[in-house]
Amino acid sequence: MFNPTLYFTLASKAYARNLQYRGAHMVHNLASAMFGFMYASIWIGLGRDHTLGEYGTQGMVNYIAFTQAALWITSFISNGLGIPQSVRTGQIALDLMRPVHLFSHMMAKEWGQIAYQFAYKSIPIYLLYFFVFSLRIPDQGIAVLYTALGLFGASYLSICINYLIGVSALWTTESSWLYWGNHALINLLAGFFIPLEWLPGWLERLAWMSPYPYLLYVPTTIYLGNGDGSAVWGTLFWCALMTIVCLLSTQLLRRKVEVQGG
């Protein structure tokens, strides 16, 4: 039975837990901001001799600033949503016995962390870039709305991907390679650092056959005014598909645990 109060409590506790480490997380913000400055400086240097397509130099700086800030809520998700650790300790058996679905349970806790990272990482980093690079914001409110929907969907997709990575821990003794492989694919296929249309044609087509463009490229281009808000329908499609896959994988996970003795 759906219990919104329970899920809100799980999310709020995850949010509160992260508040205890705000000082340490400031170091993460500084490191992330430094990487963003490096990437922006590279494009500023390239822009002196090249037009950089429809983006232009300032457009690419805006692109890098937005993707760098969005990474914290669309890509930097807990490894396997904590399921691999739960499998190693045996906690997974108790998690499956709880009167709440494992997927929604883990997702609720992760939403709390995403909310924290949005408030204490994404926003501060983007504000820093906003004043340093004189970034522009969308002229139309509808673009902001589509961007928000795109980012929300991107966060959900990332939760689903990491849930599947976590579930794989039932079949392998080490699933961290999937986590880092996922990050590599994000760098390559999600449009981080390089817009998808600048990739080789075959690689761009491959990217659009996956959910990765919807993690960064789609919300970024909508925000910058280079993309169409209708692309959010693609995000919704992948959210629905990944939800089905996550629910089916949970059934397989239950059978696996039962076969191993519960």
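**Close-up views of a predicted model**

View 1. Phe35, Tyr39, Trp43, Tyr55, Tyr63, Phe192, Phe193 and Trp198 form one aromatic cluster. The model is predicted: local features need pLDDT of at least 70, side-chain atom pairs count only at pLDDT 80 or more, and totals for chains, interfaces and linings use all residues. Residues are numbered from 1 along each chain as its sequence is written, and side-chain values use heavy atoms, with hydrogens and water left out. Rings of Phe, Tyr and Trp (its six-membered ring) pair if their centres lie within 6.5 Å; planes under 30 degrees apart count as stacked, over 60 as edge-to-face and the rest as tilted. The structure holds 24 aromatic pairs. In one of them, the rings of Tyr55 and Tyr63 are edge-to-face, because their centres are 5.7 Å apart and their planes stand at 85°. Tyr55 has a relative accessible area of 7% and is buried, and Tyr63, at 0%, is buried too. Here buried means under 20% relative accessible area, exposed over 50%, and partly exposed in between (1.4 Å probe, protein chains only).

**View 2. The ring pair of Phe103 and Tyr156.** With centres 6.4 Å apart and planes at 70°, the rings of Phe103 and Tyr156 make an edge-to-face pair. The pair links distant parts of the chain, since Phe103 is in helix α6 and Tyr156 in helix α7, 53 residues apart. Helices (H or I, at least four residues) and strands (E, at least two) are DSSP runs, numbered from the N terminus. Phe103 is buried at 4% relative accessibility, and Tyr156 is buried at 14%.

**View 3. The largest nonpolar core around Tyr163.** The largest nonpolar core has 66 residues, and Tyr163 and Leu215 have the most contacts inside it. Such a core is a set of buried Ala, Val, Leu, Ile, Met, Phe, Trp, Tyr and Cys residues joined through side-chain atoms within 4.5 Å. Helix α3 gives the most to this core, with 11 residues. Leaving aside neighbours within four places in sequence, Tyr163 is in contact (heavy atoms within 4.5 Å) with Leu81, Ile83, Leu102, Phe103, Cys246, Ser249 and Thr250. Ser249, in helix α11 (residues 232-259), is buried with a relative accessible area of 10%.

**View 4. Two residues with positive phi.** Leu81 has a phi near 55°, a positive value in a residue other than glycine. Leu81 lies in the loop between α3 and α4 (83-89) and is buried at 7% relative accessibility. Phe193 likewise has a positive phi, about 75°, although it is not a glycine. Phe193 is found in the loop between α8 (176-189) and α9 (201-208), and is partly exposed at 21% relative accessibility. Most residues other than glycine have a negative phi.
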